[in-house]
Amino acid sequence: LYQTVSLLKEAGNEALKSSQPSLAAQRYDKAINYCSIAYLHFPVGNSLFLAEHQHVISKNNGFECRWNPLLKQLIMIRLNLSMCFLKEELKDTKEALSQANLALRALRPFTEKGVVLTGKKLSKKRKDEPQETFKEAKSLQAKAYFRLGSAQLAAADFEEAVNSFDKSAKCSKEADLQVEDAVVRKLNEAKRQRKQKKEKERKKFKFMFSSQDASEGNAIG
């Protein structure tokens, strides 16, 4: 299963590099469908392994709480798919947001150093998790917040975009990684557009109130 998913991911990457985002999205989507065999709920028949695996996931409210290569691939595929949906050929900010949020959800159990969050409400803590798990998860979380911020920026939700890019930078620092230049550029762009939006709104309200005052003044006998 892992090999099939990896091959589809690489095929999607090649299509994306060749400026074929639609083809890339199809391949990423197919890879996610294969991952669903392990992670989504559906009748498993007599497959004891899948039945046991899904039982463990159901105990943790649908979260996979074991850091493993297939989960990492699934998260990276969702982030690549999110990027595809921001390409001009597809331009679907809603789906881009959705894929980024799904990646962030999958990372939630692994965002505290040395532990894994488990249970229905992720309120329990499984200790003695390797530090590498935290670092890898935080690195992917930084990328996920970057993808989320990029989608929010494309949707003109500048306030949320600033928040997401800030969180991306914070995740990198928590993992002792350098904040990528692309994050800094996008953060500055989001702040600039947020400022411009606020200035436009301020001018609009100022004009509305000045027009209202003028009309009220003319109405005085």
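The following paragraphs lead through the structure from its overall layout to single residues. The model is predicted: local features need pLDDT of at least 70, side-chain atom pairs count only at pLDDT 80 or more, and totals for chains, interfaces and linings use all residues. Residues are numbered from 1 along each chain as its sequence is written, and side-chain values use heavy atoms, with hydrogens and water left out.

The chain contains eight helices and two strands; these are DSSP runs, with H or I over at least four residues for helices and E over at least two for strands, numbered from the N terminus. In sequence order the pattern reads α-α-α-α-α-β-β-α-α-α. Of the 221 residues in the chain, 42% are buried, where buried means under 20% relative accessible area, exposed means over 50%, and partly exposed lies in between (1.4 Å probe, protein chains only). The chain exposes about 13100 Å², of which carbon and sulfur atoms supply 52%; such areas come from the Shrake-Rupley method with a 1.4 Å probe, and for residues only the protein chains shown count as cover. A contact means heavy atoms within 4.5 Å. Among contacts between residues at least 6 apart in sequence, 60% join residues at least 24 apart.

The interior may be considered next. A nonpolar core is a set of buried Ala, Val, Leu, Ile, Met, Phe, Trp, Tyr and Cys residues joined through side-chain atoms within 4.5 Å. The largest such core has 44 residues, and those with the most contacts inside it are Tyr28, Tyr39, Trp67, Leu71, Ile75, Leu81 and Cys84. Two or more residues of this core come from each of α1 (2–17), α2 (21–39), α4 (69–84), α5 (93–107), β1 (115–118) and α6. Leaving out residues up to four places away in sequence, Cys84 touches Leu16, Pro21, Ala24, Ala25, Tyr28 and Leu90. A second, separate core of 11 residues includes Phe165, Ala169, Val183 and Ala190.

The structure also holds two aromatic pairs. Rings of Phe, Tyr and Trp (its six-membered ring) pair if their centres lie within 6.5 Å; planes under 30 degrees apart count as stacked, over 60 as edge-to-face and the rest as tilted. One of the pairs, Phe146 with Phe165, is tilted, at 5.8 Å centre to centre and 50° between the planes. Phe146 lies in helix α6 (residues 131–154) and Phe165 in helix α7 (residues 158–174), so the pair ties together parts that are 19 residues apart in sequence. Phe146 is buried at 14% relative accessible area, and Phe165 is buried at 0%.

Asn60 stands in the loop between α3 (48–59) and α4 and is buried, with a relative accessible area of 9%. A polar atom of the Asn60 side chain lies 2.7 Å from the backbone nitrogen of Gly119. Glu129, in the loop between β2 (124–127) and α6, also counts as buried, at 15% relative accessibility. The side chain of Glu129 makes a polar contact of 2.9 Å with the side chain of Thr133. Apart from neighbours within four places in sequence, Glu129 is in contact with Trp67, Gly114, Val115 and Val116.

Definitions and conventions
A polar contact is a pair of N or O atoms within 3.5 Å; within protein, one must be able to donate a hydrogen and the other to accept it, and residues adjacent in sequence count only if both atoms are side-chain atoms.
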